[in-house]
Structures are given as C-alpha cells and as structure tokens.
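Dear colleague,

Please read them with the model open beside you.

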Amino acid sequence: MVGAGIGGLTAALAMSRVGWQVSVLERAPELGEVGAGLSIWPRAWKILADLGVADRLVDGTRPAIQAGLRRPDGRWLAKVGADAAERTPVMVHRARLHEALVAELGTRDGIEVRTGVTVTCLADLDDIDARGPADVVVAADGIRSTIRNELHQRDDVRYAGYTAYRGVTAEPVPGEASTTGGETWGTGVRVGHVPLVDGRTYWFVTANRPAGETSGDHHADVTALVGDWHEPIPQLLATTPPSAVLRGDICDLRLPLRRFDHGRVVLLGDAAHATTPNLGQGACAAIEDAAVLAAQLAGHARIESALVAYDRTRRPATQRLVRASRLVGVLGQVENGPVVAVRDAGIAGLGAIAGLLSR
Ligand SMILES: Cc1cc2nc3c(=O)[nH]c(=O)nc-3n(C[C@H](O)[C@H](O)[C@H](O)COP(=O)(O)OP(=O)(O)OC[C@H]3O[C@@H](n4cnc5c(N)ncnc54)[C@H](O)[C@@H]3O)c2cc1C
C-alpha cells in the first residue's frame, strides 16, 4: 500500500479483514492529518462502521439540522429537510477520522505501517520490502500520485480556477450555527458551514483566483470576501483563530483514466479519481474503493481478475462523481451578474418544486 491517507488506511483495514498481510508505506515522517471538516455520506459511513471505525468518532444520535442553499443576504433559495439525519452526511474533523483509522489499525495483526518512506517508482517497491515483491500494489498516494504518473506517463492535474479557505471554530458555537448548515452562493464566491459531531462548526469559502495567489493572511482574505454576509457567517469567522484558517487551490484530474488496474498494481482514492470537493465525496469514494477492492480480492481466485472487477465497479461511478462535482463548481463560481440571477432563480424554482413533492 503506497500512502497512509484516508484511502490507504481504510484499504489496509479492509484487506486485513479478508486475510491479507499489508505493508503501508507513507512518505510523511509521522502518521497524521491536518485539514478541517469532512462529510462522510451514508454508504461510506456504513463501511467505517463495519470496520469498527465509526464508533470511535460518534457516540449517541446526531441532531438534525436545517440545511439548504442561501443567498448572501440570508434568503433561502432551497431547503432540505431537517428530519433526515440518516440520509445526511456525518460531519467529522479530518484529523479525528485519520486518528480513528490509525487507532483501529493498531488493534489488527498483519498490518505494518512504515513512515518516512517515499516511493519514487514501482521498481522501488521490490527493494523497500524485505519480504520481497508484493502480490498487489495499491497506489493510494493521492492526487499527485507518483505511481499513476509512472503508469499513465503524464501528470494531468487541473486547477479548477478557484481556491478554498477552510476553518473550524475553536469551540461549539451556539445559536444558528448549531442548527443550520448548507451553502450560500454569491458572485464568484461561496460559503459552506455545518456543525461537526463534536459540536464545533466547520466552514469553507471558495473564491475565483489565479493559481497560487495569496496575501498570506487567510483570515483577513475571507473576512474581506464574506465578513458582511448573513449570520452565522461573521460569527463563525470571529470564533475561528486566524492561525487555523487553511487555504488550498482546488484541483482534479483533467481527463478520466482509462483504467484503475494495471496487472497487479491498482489505483485507489484521489490517485485514481481526484475530484473537486463540491459534492463533499472524494474521501467517501476512497473509502468505498477500499471496501470494493477488499471484497473483489476475497471473491476471486486470481488477483488480476479481482483488480479488473474492481476497475469495472469503481471507475464509472467515481468518474461520474468527478464530472458532476466539476459542474457544481462551474455553477457555484459564476461571476457574471445576470447569469447569477438566472442561476439563483432556477435553483429557487427547483427548490420549490422539490419542497412541494416532498410534502
Ligand atoms: C477543500 C477540500 C474539501 C474536501 N471535503 C471533503 C468532504 O467533505 N468529504 C469527502 O468525502 N471528501 C472531501 N474532500 C476530498 C478528500 O480530502 C480526498 O478525496 C481524500 O483525502 C483522498 O484520500 P486519499 O487517501 O486518496 O489521498 P490523500 O489524502 O492525499 O493521501 C495520500 C497519502 O499518500 C502519501 N504519499 C503521496 N505520495 C507518496 C509517495 N510517493 N510515497 C509514499 N507516500 C506518498 C501522502 O503523504 C498521503 O498521506 C475534500 C478535499 C478538499 C481539497
């Protein structure tokens, strides 16, 4: 396994459950994650529950929240039901999920994790592991995957044209921030916020920018962009320490890969299908990849056949996700005033129809 991100660690757990000995190679000197909030949708949550990870993240029931899409002045364009906790994602802190995966790994025999090991090419792997060549190499080495680039002979990461600022409040925020969530779409700028299971609130802001452009003061940048938008947005910014605001340019893969399997090498997670985060499902897709890979390895006598079956199952679904997420990003980041007005009217109309149907 190359990479100890959410995808690699989940795959290590899932494969060990079906009897595999797994060596995880991670270039970082220590296991860990920074980051902010992460939405875990029901299918991925069920996989984490089956692997014994979900119980480490949540105890008890989750409160339902009023979610939907708003305008910067606070007017709702569309609302989704406040009663749908089972159908809505569980919001966790990325670092907590990573810690929970590592903790669960520690209870399993047959998984070895080696940090500070950078894999520079597939041939490296024969030397790195004293036990000799692996039966399967799982490349879970993220959006800038070394192994994908070696197999596909190209580095095809695309900048989507907007950057994302992310933060988590220092403490739980009472009032609207604890009972509402969703997104607010403006003109070339979006905000999202949602309470995490630990009570704090995760928020993000996206803005159209040239790649790499930053003033260095992310908190001041987001305050200038959305500090006067509807509550609880100003309150969330005020209760987030400036040093805790992260920024990263949003990227995905320019072209879909033709295959995820290459003999006994297989791509998983962002290495296979890095997506823009507009649907909040990249990590969920990596978790589902892990479960499907383990199930196919358990269900096939020949490893190559298992990897072909994994590719056939996961490639179409994940590539649809990448396309849909890209489209949402295009709509959300529109910066032409009249087009924004048409977009918002369309969303409000669809929201009203959906509301009538759900009644
Ligand atoms: C702003 C933003 C918000 C997001 N929000 C959500 C969300 O709410 N819900 C959701 O499901 N997804 C979300 N995602 C997507 C999610 O973060 C990714 O899809 C997920 O982290 C991918 O996991 P991974 O394990 O495939 O890759 P990574 O997390 O990138 O892990 C790859 C690992 O491989 C290691 N590595 C890399 N190269 C090598 C090498 N050569 N040798 C050894 N080790 C190596 C890296 O150090 C890293 O530990 C978001 C993404 C962004 C950018």
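Is Arg43 buried or exposed? Arg43 is exposed, with a relative accessible area of 60%, where exposed stands for over 50% relative accessible area, buried for under 20% and partly exposed for what lies in between, computed with a 1.4 Å probe on protein chains only.

Before going further, please note that this is a predicted model, in which local features need pLDDT of at least 70 and side-chain atom pairs count only at pLDDT 80 or more, while totals for chains, interfaces and linings use all residues. Residues are numbered from 1 along each chain as its sequence is written, and side-chain values use heavy atoms, with hydrogens and water left out.

Salt bridges

The structure contains 20 salt bridges, a salt bridge being a side-chain nitrogen of Lys or Arg within 4 Å of a carboxyl oxygen of Asp or Glu. One of them pairs Arg43 with Glu288, whose closest N and O atoms are 3.1 Å apart. Because Arg43 belongs to helix α2 (residues 42-50) and Glu288 to helix α10 (residues 282-299), this pair ties together parts that are 245 residues apart in sequence; helices here are DSSP runs of H or I with at least four residues, and strands are E runs with at least two, both numbered from the N terminus.

Through shared partners, salt bridges join Arg43, Glu288, Asp289 and Arg314 into one network, and Arg314 within it is buried, at 8% relative accessibility.

A further salt bridge links Arg264 and Glu304, with the closest N and O atoms 3.1 Å apart. Since Arg264 sits in the loop between β13 (261-262) and β14 (265-267), and Glu304 in helix α11 (residues 303-332), the parts tied together are 40 residues apart in sequence. Arg264 is partly exposed, at 36% relative accessible area, and Glu304 is likewise partly exposed, at 24%.

Cysteines

A search of the whole structure finds zero disulfides, a disulfide being a pair of cysteine sulfur atoms within 2.5 Å. For Cys284, the closest cysteine sulfur is that of Cys251, 20 Å away and therefore too far for a bond. Cys284 is buried, at 2% relative accessibility, whereas Cys121 is partly exposed, at 25%.
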